Amino acid sequence: MRMHPAGVRLFATACLVAGLGSTTTALASGATAPFPLAGTWTLQAADALHPDGSRTRDYGAAPKGLLMIDRQGHYSLQIFRAERPRFAADAKAKGTADEYRAAVMGSSTHYGTVELDAARHQLVFHIEGASFPNWEGQQQRRSFELHGDVLSYRVPPRPDGNVPISVWRRSGAGGR
């Protein structure tokens, strides 16, 4: 049986309205849509943009990192310099001042919740715990761009004027 074009449009409109009605009901009952950045992201670049416009690798030539965001916006983020030296004593409590400095300056980790501020085109990180304890309890905003499965964001400028830039690629379709 062939349906008249007007009937096809009426059927499609009815399906759309029914779908919107069930979404509205779900949202009114307290259910929320999954966080749009949910998934596992691998670090592609961790750079620094300098005031003169030049760009360098902030965590070495091949930084390592993982950003995991769940469907409610809880996140865990780790960035590591791949070239971090191992401790000579092979014991965390017996490092030298230089080894501790390289370990701390060669990593950035934090977790908490993240939200999208679409009006300002910013990610808002609500940091609960961090490798740099001064960040704990802070809210930090980062301007971002999302192109397909590539997310990049800029951290506010450091005191020296350098702007850290992180670039992440979503791994697979899991978590979305």
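Trainee: Is Gln-122 buried or exposed?

Mentor: Gln-122 counts as buried, because its relative accessibility is 17% and the cut-off for buried is under 20%. Please keep in mind that this is a predicted model.

Trainee: Where does Gln-122 lie?

Mentor: Gln-122 belongs to strand E6, which covers residues 122-130.

Trainee: And which side chain does Gln-122 join in a polar contact?

Mentor: The partner is Arg-141, and the polar contact between the two side chains is 2.8 Å. Apart from residues up to four places away in sequence, Gln-122 touches Glu-115, Leu-116, Asp-117, Arg-141, Arg-142, Ser-143 and Phe-144.

Trainee: Which value does phi of Asp-90 take?

Mentor: Phi of Asp-90 is near 60°, which is again a positive value in a residue other than glycine. Asp-90 is placed in the loop between E4 and H2. With 75% relative accessibility, Asp-90 counts as exposed.

Trainee: Let us change topic. How many aromatic pairs are there in the whole structure?

Mentor: A search of the whole structure finds four aromatic pairs. One of them is formed by Tyr-75 and Phe-125: the centres are 5.0 Å apart, the planes are at 75°, and the pair is edge-to-face. This pair links distant parts of the chain, since Tyr-75 is in strand E4 (residues 74-80) and Phe-125 is in strand E6, 50 residues apart.

Trainee: Are Tyr-75 and Phe-125 buried or exposed?

Mentor: Both Tyr-75 and Phe-125 are buried.

Trainee: And why is the pair of Phe-87 and Tyr-100 edge-to-face?

Mentor: The ring centres of Phe-87 and Tyr-100 are 5.5 Å apart and the planes are at 80°, so the pair is edge-to-face; the cut-off for that class is over 60 degrees. Phe-87 lies in the loop between E4 and helix H2 (97-105), and Tyr-100 lies in helix H2, so the pair ties together parts that are 13 residues apart in sequence. Tyr-100 is partly exposed, with a relative accessible area of 34%.

Trainee: Which residues do ring pairs link into a cluster?

Mentor: The cluster is made of Tyr-75, Phe-125 and Tyr-153.

Trainee: What else is Tyr-75 in contact with?

Mentor: Neighbours within four places in sequence aside, the contacts of Tyr-75 include Leu-67, Ile-69, His-110, Tyr-111, Val-114, Phe-125 and Ile-127.

Trainee: How many residues are in the largest nonpolar core?

Mentor: The largest nonpolar core has 21 residues. Those with the most contacts inside it are Leu-67, Ile-69, Tyr-75, Leu-123, Tyr-153 and Trp-168. At least two residues of this core come from each of strand E1 (39-49), strand E3 (64-69), E4, E6 and strand E8 (150-154). E6 gives the most, with four residues. There is also a second, separate core of five residues, and among them are Ala-45, Leu-49, Ile-165 and Val-167.

Trainee: Now a loop. Where is His-50 found?

Mentor: His-50 is in the loop between E1 and strand E2 (55-57). The side chains of His-50 and Asn-162 are joined by a polar contact of 2.7 Å. Beyond neighbours within four places in sequence, His-50 is in contact with Arg-55, Thr-56 and Asn-162.

Trainee: What does the side chain of Asp-160 make a polar contact with?

Mentor: The side chain of Asp-160 makes a polar contact of 2.9 Å with the side chain of Asn-162. Asp-160 has its place in the loop between E8 and strand E9 (163-170). Its C-alpha atom is separated by 8.7 Å from that of Pro-51, and these two residues are 109 residues apart along the chain.

Trainee: To finish, how many helices and strands does the chain have?

Mentor: The chain has two helices and nine strands. Of its 176 residues, 31% are buried.

Trainee: And what is the mean pLDDT of the chain?

Mentor: The mean pLDDT is 84, and 80% of the residues reach 70 or more. Over residues 1-29, however, the pLDDT is below 50. Beyond near neighbours in sequence, that stretch has four contacts in the model.

Terms used. Residues numbered from 1 in each chain as written. Heavy atoms only, no water. Buried < 20%, exposed > 50% of the residue type's maximum accessible area, 1.4 Å probe, protein only. Polar contact = N/O pair within 3.5 Å; in protein donor to acceptor, adjacent residues only side chain to side chain. Contact = heavy atoms within 4.5 Å. Phe/Tyr/Trp six-rings, centres within 6.5 Å; stacked < 30°, edge-to-face > 60°. Core = buried A, V, L, I, M, F, W, Y, C linked by side-chain atoms within 4.5 Å. pLDDT = per-residue confidence, 0-100.
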